[in-house]
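Please open the structure in a viewer and keep the selection tool at hand.

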Amino acid sequence: MPPARSPHRPRKTPRQQRAWQTRRRIEEAAARVFSRHGYASGTTDRIAEEAGLSIGSLYQYFPNKDAILVVLAQRHLEETARTVADVLAEPRPLARWLPELTRALVGVHAEDPRLHQVLFEQAPRPPELLTRFREVEGEAAAAVERLLRADPVLSPADPRRQARFVVALVESLVHRFAADPPGLDAAELEREIVTIATRYLRDGGRAEGTQG
């Protein structure tokens, strides 16, 4: 018997432009529905209505709302990967690349904070999505490590470990507060994150170097 199809995957991959447009229409409609109504009330009936399609047409492409959410999460993850790669591509001092990276990530998440809250707090995380997430995180950490090694001012004692910590720090704080900032606007949130990460890189490197 063939293996059972994952409930978190689309039913089919479109082969024609019109089918791709219909699937994209469903995805965009779902993003609006989840943003307005949240996960529990973001039903496939509402998504189909928002897309101007019958529920039967929606089910030709997706078996359930979770499969649509996974596609939206994948799209967001790839957008984040492109953003990070662009920002970290060229060697620059910490005072330039860290604010630019933080600003870009805050901007990506601030575009639709309610949708991102659903994606990261309630969307399913199948193994292939988690694998890709770890790949993107690893790519970001490798890029940060290169910048740390090239920075003559920092001279970090363990650039690989510190790069991983910085990526995890920025990522977790952006995810935690971009959707629900504690009385901060985007610029203030960026400044807070940059201050924390900068202090870690500067003070942490010196502290490690003086321990004996």
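**A tour of the helices and salt bridges**

Begin by selecting Thr 22, which is found in helix α1; helices here are DSSP runs of H or I of at least four residues, numbered from the N terminus. This is a predicted model, in which local features need pLDDT of at least 70, side-chain atom pairs count only at pLDDT 80 or more, and totals for chains, interfaces and linings use all residues. Residues are numbered from 1 along each chain as its sequence is written, and side-chain values use heavy atoms, with hydrogens and water left out.

Thr 22 has a relative accessible area of 16% and is therefore buried (buried means under 20% relative accessible area, exposed over 50%, partly exposed in between, with a 1.4 Å probe and protein chains only). Leaving aside neighbours within four places in sequence, Thr 22 is in contact with Leu 53 and Tyr 61, where contact means heavy atoms within 4.5 Å.

Next, select the whole of α1, residues 17-37. Its 21 residues reach 30 Å from the first C-alpha to the last, close to the 30 Å expected at 1.5 Å a residue; the expected span is 1.5 Å times one less than the number of residues. Among the buried residues of α1 are Ala 19, Ile 26, Ala 30, Val 33 and Phe 34. What covers the buried residues of this helix includes α2 (44-51), α3 (55-61), α4 (65-87) and α6 (113-121). After α1 comes Gly 38, with a positive phi near 80 degrees.

Now turn to the salt bridges (a side-chain nitrogen of Lys or Arg within 4 Å of a carboxyl oxygen of Asp or Glu); the count comes to 14. Select Arg 32 and Glu 50, whose closest N and O atoms are 2.8 Å apart in a salt bridge. Arg 32 lies in α1 and Glu 50 in α2, so this pair ties together parts 18 residues apart in sequence.

Move on to Arg 132 and Glu 78, a salt bridge with its closest N and O atoms 2.7 Å apart. Because Arg 132 is in helix α7 (residues 127-150) and Glu 78 in helix α4, the pair joins parts 54 residues apart in sequence.

Finally, select Arg 23, Arg 24, Glu 27, Glu 28 and Arg 75, which salt bridges with shared partners join into one network.

Methods:
Helices (H or I, at least four residues) and strands (E, at least two) are DSSP runs, numbered from the N terminus.
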